[in-house]
Amino acid sequence: MAKKFVFELQDVLDFRNFEKEQAENELAKALAVETQINNDLQTIASQYLFLKSEMNKTSNFEDVIVNNQHKSLLNYQKEELLKQLAEAKLVSEEKRKVLTEVMKKTTALEKLKEKEQEAYKEALDYEESNFVDDLANSKAKY
């Protein structure tokens, strides 16, 4: 009975796969932050459009003042969100780089494992072929 294939670096490969999964999760979290900020920006844009339509409908001076103050608040919130979005994009890019590096290392080990498995299979096939030849030769002698 032939010996089972054992990849000597399996523990390292398992760890690299764990690192890859962690990096994927970190990137997903960073992208979720970006998405939330973009959603908040969309909400502000909608509020701004509503406010603009309300300002066109009113001629009351107090309403105009309140709407202008609200508009100023929305502009401030928009600027803050744009700053947060720029920071979030930097974080996402960094997480993407980490994931790319981890994937390269993981892929290299997976390819090495595949090559070793193929070499093992070829050696096994060669042994079986020799065994069959030996068996045929020994039967031919008798």
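A salt bridge here is a side-chain nitrogen of Lys or Arg within 4 Å of a carboxyl oxygen of Asp or Glu. Lysine 83 and glutamate 80 meet this definition, with their closest N and O atoms 3.4 Å apart.

This is a predicted model, in which local features need pLDDT of at least 70, side-chain atom pairs count only at pLDDT 80 or more, and totals for chains, interfaces and linings use all residues. Residues are numbered from 1 along each chain as its sequence is written, and side-chain values use heavy atoms, with hydrogens and water left out.

**Helices**

Helices are DSSP runs of H or I with at least four residues, numbered from the N terminus. Helix 1 covers residues 10-57. Helix 2 covers residues 61-141. The length of helix 1 can be checked. The expected span is 1.5 Å times one less than the number of residues. For the 48 residues of helix 1 that gives 70 Å, and the end C-alpha atoms are 70 Å apart, so the two values agree.

Burial is set by relative accessible area: buried is under 20%, exposed is over 50%, and partly exposed is in between (1.4 Å probe, protein chains only). Several residues of helix 1 are buried, including Leu13, Ala23, Leu27, Ala30 and Glu34. Ile37, Leu41, Ile44 and Leu51 of helix 1 are also buried.

**Salt bridges**

The structure holds 9 salt bridges. Three of them are listed here.

| Pair | N to O distance |
|---|---|
| Glutamate 26 and lysine 29 | 3.7 Å |
| Glutamate 79 and lysine 78 | 3.9 Å |
| Lysine 83 and glutamate 80 | 3.4 Å |

Glutamate 26 and lysine 29 both sit in helix 1, 3 residues apart, which is about one turn of the helix. Glutamate 26 is partly exposed at 33% relative accessible area. Lysine 29 is exposed at 54%.

Lysine 83 and glutamate 80 lie 3 residues apart in helix 2, so about one helical turn separates them. Glutamate 80 is partly exposed, with a relative accessible area of 27%. In the remaining pair of the table, glutamate 79 is partly exposed at 40%. Lysine 78 is partly exposed at 33%.

**Contacts between the helices**

Contact means heavy atoms within 4.5 Å. The contacts given here leave out residues up to four places away in sequence. Threonine 106 lies in helix 2. Its relative accessibility is 1%, so threonine 106 counts as buried. Threonine 106 touches Leu13, Arg16, Asn17 and Lys20.

Lysine 20 belongs to helix 1. Lysine 20 is partly exposed at 22% relative accessibility. The contacts of lysine 20 are Leu99, Val102, Met103 and Thr106. How many residues apart along the chain are lysine 20 and threonine 100? They are 80 residues apart, and their C-alpha atoms are separated by 8.9 Å.

**A nonpolar patch**

Leu9, Val12 and Leu112 make a nonpolar surface patch of about 200 Å². Patches are made of residues with over 30% relative accessible area and no salt bridge; like charges are joined within 9 Å, and nonpolar side chains (Val, Leu, Ile, Met, Phe, Trp, Tyr) within 5 Å. Accessible areas come from the Shrake-Rupley method with a 1.4 Å probe, and for residues only the protein chains shown count as cover. Leucine 112 lies in helix 2. At 33% relative accessibility, leucine 112 is partly exposed.

Terms used:
Helix = DSSP H or I, 4+ residues; strand = E, 2+ residues; numbered from the N terminus.
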